[in-house]
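Subject: Structure handover

Hello,

Here is the structure we talked about. Please open it first, then read my notes below.

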Amino acid sequence: MRILAFIVVCLTGAFLLYGTSEFPDWGDPNAPASLHVAGYYIEKTYEETAVIFTAGIGCFLLLRDFRGKKEHYYHHIPTGVILHIKDEKKSLTVGKEFGYMDKEWVPPDLINKNICRILIPFIQINALYVLAHGDYSPGGGFQGGVIFGSSLILLSISYDLKTLVKRVKERLLGIFAALGVLIYAGTGALCLIIGGNFLDYGKLAPLLPGHSDHIRAYGMLVVEIGVGIAVMAVMTIIYINIVSEGRHDEGL
Amino acid sequence: MSDVLSLIIAKYNYWLYVILMMIGLYGMIAKNNLIKKVVGMNIFQTAIILFYVSIGYKTHAGIPIITSADTAHGVAVKAADYINPLTSCLMLTAIVVSVATFGYAMALAVRIYQRYKTLEEDELRMRLSEE
């Protein structure tokens with residue numbers, strides 16, 4: 001089996017290398033990719049929002065488990081005593097006196113927690129900066145959204161998953177993911193209604209203030225904000241669902 | 001012999017991506033563990049991304065941001081001075097797609113593990129034939 005696979009792989013590689021003999025050299029300024037294809041694909045980026053949204057919904061549908069755990073563990077913070085509650089109907093209010101606990105629970109690490117607590121706001125500001133400056137520097141909605149989502153994931157790694165789920169509700173994440181796609185598709189559809197092509201920002205001139213040269217930048221910014229919101233929410237949804245096997249209670 | 005060597009040197013980016021792609025394809029076909037297959041798929045996608053990014057490169061060209069010094073003096077902007085940004089932009093979409101497929105594949109793997117308690121392909125086939 002392994003030998004067969006190796007032969008197949010080598011044959012594929014040999015065919016591909018044979019094909020490259022007619023390709024342009026590396027760094028050739030007159031390569032067809034630089035001369036002809038530009039412009040054709042620029043309108044194709046709407047796929048990325050649709051794909052990432054579908055993946056988030058898919059992870060949710062595959063993994064989400066609403067049954068919940070039967071037994072709960074708590075720890076008493078002043079004394080460190082662990083409480084095991086077998087009755088699923090009873091639960092303790094978590095606050096200054098009692099804290100959550102689960103299989104992978106470890107005592108909170110002072111250095112990790114505080115460093116992450118200081119860093120997370122700056123990571124989020126950086127995410128917003130990258131998002132807002134996407135139209136005239138490297139960056140944009142996807143990168144900004146990923147940085148913002150990773151700051152939420154960092155919160156759940158440095159504290160625990162419950163802290164994240166308590167602050168950012170699952171419903172909110174779902175609404176954000178859908179809202180991002182709606183902003184993106186809505187802007188495109190608005191251009192269609194006014195009479196242009198899909199995402200033809202120049203047609204938005206009557207709706208937005210400012211010089212007509214800036215309208216395209218505004219349109220791009222709106223679309224990037226939509227992409228950023230959707231990507232941020234979907235990254236967090238995928239992470240939470242995979243790490244807790246869909247139960248949203250314990251995890252890394 | 002020297003002809004072949006010069007041909008390889010002129011197009012060595014294609015050789016690199018083809019080798020990377022063969023590694024990924026071998027991982028997808030021959031490995032028994034589902035997670036290793038997914039990692040093989042990721043290597044494959046990385047090879048495609050590298051291929052596209054290398055197409056956009058031009059020798060002696062700068063980053064594709066038009067400097068204000070060029071436009072202020074009325075010098076015409078020459079396309080050969082800037083690398084082609086289109087391929088990199090396209091690959092941004094490919095990165096998103098690879099993130100999405102990786103996340104979805106991980107979710108599937110978690111689900112398979114929950115049900116069959118294994119990720120090895122031969123054991124999975126055994127469990128399936130038992131049922």
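Which residues of α4(A) meet which residues of α5(A)? Before the answer, one caution: this is a predicted model.

On the α4(A) side, the residues are A:Asn112, A:Lys113, A:Cys116, A:Ile120, A:Ile123, A:Gln124, A:Asn126, A:Ala127, A:Leu128, A:Val130 and A:Leu131. They meet A:Gly141, A:Gln143, A:Gly144, A:Ile147, A:Phe148, A:Ser151, A:Leu152, A:Leu154, A:Leu155 and A:Ser158 of α5(A). By class, this contact has twelve nonpolar, eight polar and one charged residues.

Now the geometry. Helix α4 covers residues 110-132 of chain A, and helix α5 covers residues 141-158 of chain A. Their axes lie 8 Å apart and the packing angle is about 170 degrees. An angle over 145 degrees counts as roughly antiparallel. That is why α4(A) is roughly antiparallel to α5(A). The crossing is left-handed.

**The two chains**

Chain A has 252 residues, and 35% of them are buried. Its secondary structure is eight helices and three strands. Along the sequence the order is α-α-α-β-β-β-α-α-α-α-α. Take the contacts in chain A between residues at least 6 apart in sequence: 58% of them join residues at least 24 apart.

Chain B has 131 residues, of which 33% are buried. Here there are six helices and zero strands. From the N terminus on, the pattern reads α-α-α-α-α-α. For contacts in chain B between residues at least 6 apart in sequence, 49% join residues at least 24 apart.

**Inside chain B: α2 and α3**

Helix α2 (residues 12-30) and helix α3 (residues 34-55) of chain B have axes that come within 7 Å. They cross at roughly 165 degrees. The two helices are therefore roughly antiparallel to each other. This crossing, too, is left-handed.

From α2(B), the contact uses B:Asn13, B:Tyr14, B:Tyr17, B:Leu20, B:Met21, B:Gly24, B:Leu25, B:Gly27, B:Met28 and B:Ile29. From α3(B) come B:Lys37, B:Gly40, B:Met41, B:Ile43, B:Phe44, B:Ala47, B:Leu50, B:Phe51 and B:Ser54. The classes split into 13 nonpolar, five polar and one charged.

Another residue of helix α2 of chain B is B:Leu16. Is B:Leu16 buried or exposed? Its relative accessibility is 52%, so B:Leu16 counts as exposed.

**Between the chains: α1(A) and α2(B)**

α2(B) also packs against α1(A), at an angle of about 155 degrees and with the axes 9 Å apart. That makes α1(A) roughly antiparallel to α2(B). This crossing is right-handed.

The α1(A) residues in the contact are A:Arg2, A:Ala5, A:Phe6, A:Val8, A:Val9, A:Cys10, A:Thr12, A:Gly13, A:Leu16, A:Leu17 and A:Thr20. Those of α2(B) are B:Tyr14, B:Trp15, B:Tyr17, B:Val18, B:Met21, B:Met22, B:Leu25, B:Tyr26, B:Ile29 and B:Ala30. Sorted by class, the contact of α1(A) with α2(B) has 17 nonpolar, three polar and one charged residues.

**Aromatic pairs**

Together with B:Tyr14 and B:Tyr17, B:Phe51 and B:Tyr52 form one aromatic cluster.

Best wishes

Conventions:
Residues numbered from 1 in each chain as written. Chains lettered and ligands numbered in written order. Predicted model: local features only at pLDDT ≥ 70, side-chain atom pairs only at ≥ 80, totals over all residues. Heavy atoms only, no water. Axes fitted to C-alpha atoms, helices over the stretch in contact; angles between N-to-C directions. Helix = DSSP H or I, 4+ residues; strand = E, 2+ residues; numbered from the N terminus. Parallel < 35°, antiparallel > 145°, perpendicular 65-115°, else oblique. Left-handed = near helix turned anticlockwise from the far one by under 90°. Contact = heavy atoms within 4.5 Å. Nonpolar A, V, L, I, M, F, W, Y, C, P; charged D, E, K, R; others polar. Buried < 20%, exposed > 50% of the residue type's maximum accessible area, 1.4 Å probe, protein only. Phe/Tyr/Trp six-rings, centres within 6.5 Å; stacked < 30°, edge-to-face > 60°.
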